[in-house]
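Subject: Handover of a model

Dear colleague,

I am passing on the structure below, followed by notes on what was found in it. Please read the notes with the model open beside them.

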Amino acid sequence: MSVPFLSVKPRAIKLKVLPQFPARLVGRAGVDVTKQNGDYFIDLDYADFPVIGSVPAGATYALIFNPATGQYAQLPISLLGGGGGGGIPEAPNDGILYGRKSLAWSAVPAAPVIPPVRDMLTAARTYYVRPDGSNANNGLADNAGGAFLTIQKAIDVVASLDLSIYQVTVIVRPGGGGNLHGGNLLKNYVGALAPIIVGDETTPGNVVVDGNGSSAFISDNVRPWHIRGMRIRATSAGSGFDASSGGIIYFQKIDFQTFNQGYAHMRASGAAIIAATGNYTISGDAGFHLLAVNNGYMANYLAGTVPLTGTLNFSQGFAYAKQGGVLYTSGMTFNPAGATVTGPRYAATSNGVIATGGGGGANYFPGSIAGSISNGGIYG
């Protein structure tokens with residue numbers, strides 16, 4: 001029998017033969033014989049052969065096709081991977097991507113994480129928060145179909161932008177009972193101007209922000225934000241403004257309502273700053289009105305009056321500075337007319353400083369108990 005040529009098909013080997021008669025061609029398992037135009041074809045059909053999961057014991061070679069030479073050749077089993085071959089061990093099965101390098105498996109480095117491209121503003125932008133809004137909206141329209149539901153959603157979106165040189169303002173509309181707006185974590189942003197969150201500067205009580213188990217606004221190692229025109233409170237735990245680790249909050253036209261006696265209307269710690277840039281009011285009590293600890297700093301930058309209303313108790317001290325905390329209240333006038341205020345007026349302890357500009361005197365802060373100075377504290 002002569003074999004004039006050998007051709008290869010996917011998953012099969014086909015042989016064309018010219019038999020010498022008389023002759024019979026008989027196929028077996030995996031060998032198909034067909035006749036076309038007087039020629040006989042022998043096909044080695046891979047589909048007819050069983051699939052095995054490992055190299056059987058005693059096997060020494062495997063048949064391979066070398067496309068460079070157009071020929072079949074025998075490959076020693078020792079060069080095959082997997083169970084039974086042993087020449088090339090399997091890659092570790094630990095969920096890490098491996099590749100072959102220097103005759104060994106090496107972990108393939110993960111692709112570098114490319115930060116998302118920020119949307120850069122080309123003009124000032126205003127976002128809206130409404131009790132009938134939705135956080136699935138884009139926040140750009142002052143209606144139920146466009147506004148956000150929560151202040152936190154607006155903060156998150158602002159923090160994702162490149163503000164460039166433009167002002168971003170978040171307008172919070174009245175309603176919702178306040179609970180939708182509480183526990184707001186301020187975030188860092190890219191841009192030249194501090195964002196503004198504003199409610200109703202004419203009647204701050206129309207927009208209520210309730211910490212609802214957390215502080216109303218939290219600034220932890222965050223660049224400045226302006227908060228304006230709101231009534232803030234905490235019906236359970238939490239402070240009003242809570243700034244720490246260098247966080248900065250500027251505010252005006254805020255009405256501080258009732259807080260738990262273990263918390264403060266304003267608390268600054270760890271070189272953080274809370275500063276009034278205009279007038280505000282107090283209509284509820286707390287453990288502290290002003291609390292600066294661990295080098296925290298509070299200031300009233302503009303001269304103005306702070307009216308107090310109702311029956312108020314500051315059980316820990318209206319103004320309290322401790323562990324290097326500084327309260328600088330020069331220029332502000334606390335007016336308790338029409339209010340009953342109980343508790344210590346102030347306490348400066350453990351190198352805390354309370355500076356009233358030198359002319360405030362012992363009764364500068366409201367209260368029913370004289371202030372105190374101890375352990376290197378300063379008041380004046």
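A residue is called buried when its relative accessible area is under 20%, exposed when this is over 50%, and partly exposed in between, with a 1.4 Å probe and protein chains only. Helices (H or I, at least four residues) and strands (E, at least two) are DSSP runs, numbered from the N terminus.

This is a predicted model, in which local features need a pLDDT of at least 70 and side-chain atom pairs count only at pLDDT 80 or more, while totals for chains, interfaces and linings use all residues. Residues are numbered from 1 along each chain as its sequence is written, and side-chain values use heavy atoms, with hydrogens and water left out.

Confidence and overall make-up

The pLDDT, which is the predictor's confidence in each residue on a scale from 0 to 100, averages 86 over the chain, and 88% of the residues score at least 70. Among the elements, the lowest mean pLDDT (40) belongs to strand 1, residues 2-9, and the highest (98) to strand 29, residues 346-349. Over residues 1-11 the pLDDT is below 50, and this stretch has 20 contacts in the model beyond near neighbours in sequence, a contact being heavy atoms within 4.5 Å.

The secondary structure of the chain comes to one helix and 32 strands, and 40% of the 380 residues count as buried. Of the contacts with a separation of 6 or more, 69% are between residues 24 or more positions apart.

Two strands are taken to pair if DSSP finds at least two bridges between them. On that basis eight strands form an open sheet with parallel pairing, in the order 11-14-16-18-21-25-29-31. Strand 11 (184-185) and strand 31 (372-374) stand at the edges with a single partner strand each, so one side of each is left without a neighbour in the sheet.

Strand 11 is joined by two bridges to strand 14, residues 217-220, and the two run parallel; here L185 stands opposite I218 of strand 14. Strand 14 is in turn joined by four bridges to strand 16, residues 241-244, again in parallel, with F241 of strand 16 as the bridge partner of F217. The covered face of strand 14 holds F217 and S219, whereas I218 and D220 are on its uncovered face.

Helix 1 (residues 151-159) has seven of its nine residues buried, so it is largely enclosed by the rest of the structure. The buried residues are I151, Q152, A154, I155, V157, V158 and A159.

In the loop between strand 9 (125-129) and helix 1 lies S134, which is partly exposed, with a relative accessible area of 29%. Leaving aside residues up to four places away in sequence, S134 touches A144, A147, F148 and L149. From S134 to A147 the C-alpha to C-alpha distance is 6.4 Å, although the two are 13 residues apart in sequence.

The cavity

On a 1 Å grid over the protein atoms alone, a cavity is a set of points where a 1.4 Å probe fits but cannot get out, and lining residues have an atom within 4 Å of a point. Grid points are joined across faces, edges and corners, and a volume is the space filled by probe spheres set on the points.

By this rule there is one cavity of 30 Å³ or more, and about 50 Å³ of space lies in the largest cavity. Its lining is made up of F251, M266, I274, A276, L290, M298, A299, N300, L327, Y328 and T329. Strand 19 (273-276), strand 22 (297-300) and strand 26 (326-328) each supply at least two lining residues, and strand 22 gives the most, with three.

By class the lining has nine nonpolar, two polar and no charged residues, where Ala, Val, Leu, Ile, Met, Phe, Trp, Tyr, Cys and Pro count as nonpolar, Asp, Glu, Lys and Arg as charged, and the others, Gly among them, as polar.

Two backbone angles to check

Most residues other than glycine have a negative phi. A271, in the loop between strand 18 (264-269) and strand 19, has a positive phi near 65 degrees. Q323, in the loop between strand 25 (317-322) and strand 26, likewise has a positive phi, near 55 degrees, and Q323 is partly exposed, with a relative accessible area of 43%.

With best regards

Technical notes
On a 1 Å grid over the protein atoms alone, a cavity is a set of points where a 1.4 Å probe fits but cannot get out, and a pocket is an open set with protein on both sides within 12 Å along at least five of seven lines; lining residues have an atom within 4 Å of a point.
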